[in-house]
Amino acid sequence: MTHLLPLALRSAWNRRYTLGLTLIAIALSVTLLLGIERVRQDARDSFAQAVSGTDLVVGARSSPLQLLLYAVFHIGEASNNMSWASAQTLAAHPAVAWTIPLSLGDSHRGFPVLGTTAAYFEHFRYGDKQALQLAQGKPFSGLFDVVLGAEVAARLGYRLGDPIVLAHGMRGGAHADEDEHEPGHAEHGDKPFTVVGILARTGTPVDRTLHIALEALEAIHLDWQGGAPIPGFSIPPAFVKKFDLAPKAVSAVLVGLKSRAAVFAMQRHVADFRAEPLMAILPGVALAELWALLAVAERVLLAVSALVLAVSLAGLVAVVLAGLGERRRELAILRANGARPLDLFALLAFEGCAVTVAGAFVGTLLLTLLTALLGPWVEAHYGLVLRLAAPNAAELELLAWVIAVGTLASLLPGYRAYRLSLADGLTPRV
Amino acid sequence: MQFKSLTLIALLIAAPAYARHDHTPHHAHVHGVAKLDVAVDGGTLNLRLESPLEGLLGFERVPRNDRERAAVAEMRNKLGDAGKLFVPTTAAQCTLKSVQIEAPALDAKSASANPEHADLDADFLFTCAQPSKLTGVDVRLFQVFPNMRRIDARVVSGKGQKATRLSTKMRFLSW
Amino acid sequence: MPQPLLSLENLIFRWPGQAEACLDIAEFDVAANEQVFIHGESGSGKSTLLNLIAGVLTPQSGKIEALGQPLSALSATARDRFRVDHIGLIFQQFNLIPYLSVLDNVLLPCRFSRRRSDRAGDAKQTAATLLQHLDLDAALWQRKATQLSVGQQQRVAAARALIGRPEIVIADEPTSALDAARQSAFLELLKRECAAASAALLFVSHDQRLAEHFDRRVAMEEINRAAGAQE
Ligand SMILES: Nc1ncnc2c1ncn2[C@@H]1O[C@H](COP(=O)(O)OP(=O)(O)OP(=O)(O)O)[C@@H](O)[C@H]1O
Ligand SMILES: [Mg+2]
Ligand SMILES: [Zn+2]
């Protein structure tokens, strides 16, 4: 068979344009297929990283998904707040090791502003039980101090000491890309904040968040009512300390327990809370259930990309088969010079197989290239960390499938060549 | 903003279904469907089973005759012999420490309000000599209680939290 | 009488799906080094006969013996092997593989046949000598086959048929695409080189004018008893 290999290569080179285009089609569809699989896995990993250190998320009773999304991912808004008193009762529960109260609602250039306490910097854990690290500066201590997530600082070019004005509400003026603010959009311009700390990158939503004290959130809304400044009434920053800045309500509370085993009991305890209707979710479980529901959509996406691949492979078979018409004479010549019908079968099958393998290889390479080039952009815009790595087991399995199907499909032109060479003998009927 | 597009898709697809699939403790009572909460903490393995009585016993009220009383006793025996219901990774060398069963509906004194449907709650405690080897539990409830079709399991362990749906085909709970 | 190089006996061949036999040949022999002109009308079964001798087709009955070897006793693979080892083939036109150079086209049988390769010795040198003998300028050797004129292509095909000195050369109307002058020139070259390589030549054509170049001429109608039934 080895004497055929140089022939096969020269023959393929002779038809490099059609075969090259087919190869590109296969490579692109392999990139798509692998890309979808990789984004799927990376999204799961990425999301899981963000919830890893929290035993329970407690909030006003609503939908668990909503609570998960705004408390952990800062997406959407709380339909109800829970009272500060309840948050404190919860914190005092003997099974509870720590709590981190969260208040969301305001934003800055599209990034969410999170009101919290010092406990956030002490107890929050992400990824593999990692604590937050400050790349520069210190946690907030003054009332109008703000600590930036790594992405916020990087994207907006903020440094320690820079002043920042928060916008009211989550629509938060323009997205960070568009550099203009909605005219007339309500801002807390009278009470600017100062950057006192910048967190190290975590690969979680923390990177895209601005952190201020709960009291600061109270302070900037002292002279506000119903989402707008009270006309003709303004309290200058210097005077806010004269008011009671203790928070009245929070959006959610992250809870860490002393013993993991208590988590289910604690969840029931929260659900039976007397003072107000509350709800506790296990973030990891909520996420798993979310993924289970999304599995259908994921499968559809994978199926569509598999279909695209199937189309490319069908294209390959069509191209090789169409070429066979022109190559009938070539096959007869080879036959006259000693090639067995089986050799011709191998010649054609090898061609399709080689193009598939090359396509799979180029596609993987392309994906790696795209990940390297677009990874930082995707992380910046979507908070999704794409891993730049060799194909993992699942991806290798997909690749194996691609090559197997491609090889199988290539048997068709091989078989056709075999039949033709038997029927034609030395005199092809073209 | 972050995760915007991804999550938007997620929300659109999932939200309606998710609202129904709600893991608050006071869950819907669905025959054949049980809940299993598993907590792994150091050398202890806690399992809490919540199941409609129907799946375990066939009826959900105070037993009325000797046959039904015998059925209740048999069920209690089966649950008490929990080493046959839950088989943790052998290498972890786990032993059953205690079983607590709560089924007020079976008790004439406390039987009450909802005469139609009633649940049974059972807590199982194992302790394991080699906790680092503990990676899962083979859940054999389906064989012992053929009326049970599905178990919605939640696990918290050192590796995090997860949720899995167990069935006769997929009865190994790993973490 | 020495044993013939090639002998056909009571050969009957019918194309699949056809009621009438295409070939019915009682006897046909070719001796070593012999040069035979086979002619017959279009459709008389000339090409079919060559396919049978080359072992691509197998007869329904009868015997084909080449070099003392009954072809019907060989497996399909062994017949393919036998063909490249002992037979050189030239067709009417489009003899060359378009993506190979002239030289590589000539060397093709050596790729598939150990025997041809061994008998050719230094294959490249032998190919060069053959090409020279067939009046092909060295400047053409590295060209793609498609860049040659039809006459040049036929001469390259002849060189390929002769390389490694097979015992039989079969030419199926190799001159029909050439003009009259080139036809006889090519024919003479081919005859000379076959003689030089001590190969028997089976030359097929429906063009009676070429018959004069051959001592032995065979009409299909003479040997093929099925010929009448065809028309
Ligand atoms: N592959 C085939 N299948 C069925 N019949 C065939 C096939 N090839 C040839 N024939 C038939 O066999 C007969 C002989 O054909 P063949 O090609 O041998 O003739 P020929 O003498 O070579 O003609 P020409 O001078 O035109 O080349 C014809 O009647 C033809 O129709
Ligand atoms: Mg013919
Ligand atoms: Zn505001």
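This is a guided tour of selected places in a predicted model, chain by chain.

Before selecting anything, note that residues are numbered from 1 along each chain as its sequence is written, and that chains are lettered from A and ligands numbered from 1 in the order in which they are written. Because the model is predicted, local features need pLDDT of at least 70 and side-chain atom pairs count only at pLDDT 80 or more, while totals for chains, interfaces and linings use all residues; side-chain values use heavy atoms, with hydrogens and water left out.

**Chain B: the sheet**

Begin with chain B and display its strands, where six of them form an open sheet of mixed pairing in the order 4-5-2-1-7-8. Here strands (E, at least two residues) and helices (H or I, at least four) are DSSP runs numbered from the N terminus, and two strands pair if DSSP finds at least two bridges between them. Strand 4 (94-102) and strand 8 (160-167) of chain B stand at the edges with a single partner strand each, so one side of each has no neighbour in the sheet. From one strand to the next, the twist averages 15°, where angles run from 0 to 180 degrees between N-to-C directions and axes are lines fitted to C-alpha atoms, for helices over the stretch in contact.

Next select residues 33-41 and 44-52 of chain B, which are strand 1 and strand 2, running antiparallel and joined by seven bridges. Within this pair, B:D37 stands opposite B:R48 of strand 2 of chain B.

**Chain B: the disulfide**

Now select B:C94 and B:C128, which form a disulfide with their sulfur atoms 2.1 Å apart, a disulfide being a pair of cysteine sulfur atoms within 2.5 Å. The link of B:C94 and B:C128 is right-handed, with 105° about the S-S bond. It connects distant parts of the chain, since B:C94 is in strand 4 of chain B and B:C128 in strand 5 of chain B, 34 residues apart. B:C94 counts as buried at 18% relative accessibility, and B:C128 likewise counts as buried at 10%; buried means under 20% relative accessible area, exposed over 50%, and partly exposed in between (1.4 Å probe, protein chains only).

A:H188 counts as buried at 0% relative accessibility, whereas A:H221 counts as partly exposed at 22%.

**Chain C: a glycine and a helix pair**

In chain C, select C:G88, which lies in strand 6 (residues 87-90) of chain C and counts as buried at 1% relative accessibility. C:G88 and C:V169 are 81 residues apart in sequence and 4.5 Å apart in space, C-alpha to C-alpha.

Finish with helix 3 (residues 102-112) and helix 6 (residues 150-162) of chain C, which pack at an angle of about 30° with their axes 7 Å apart. Residues making this contact include C:V106 and C:L108 of helix 3 of chain C and C:V156 and C:A159 of helix 6 of chain C.

How values were computed. Contact = heavy atoms within 4.5 Å.
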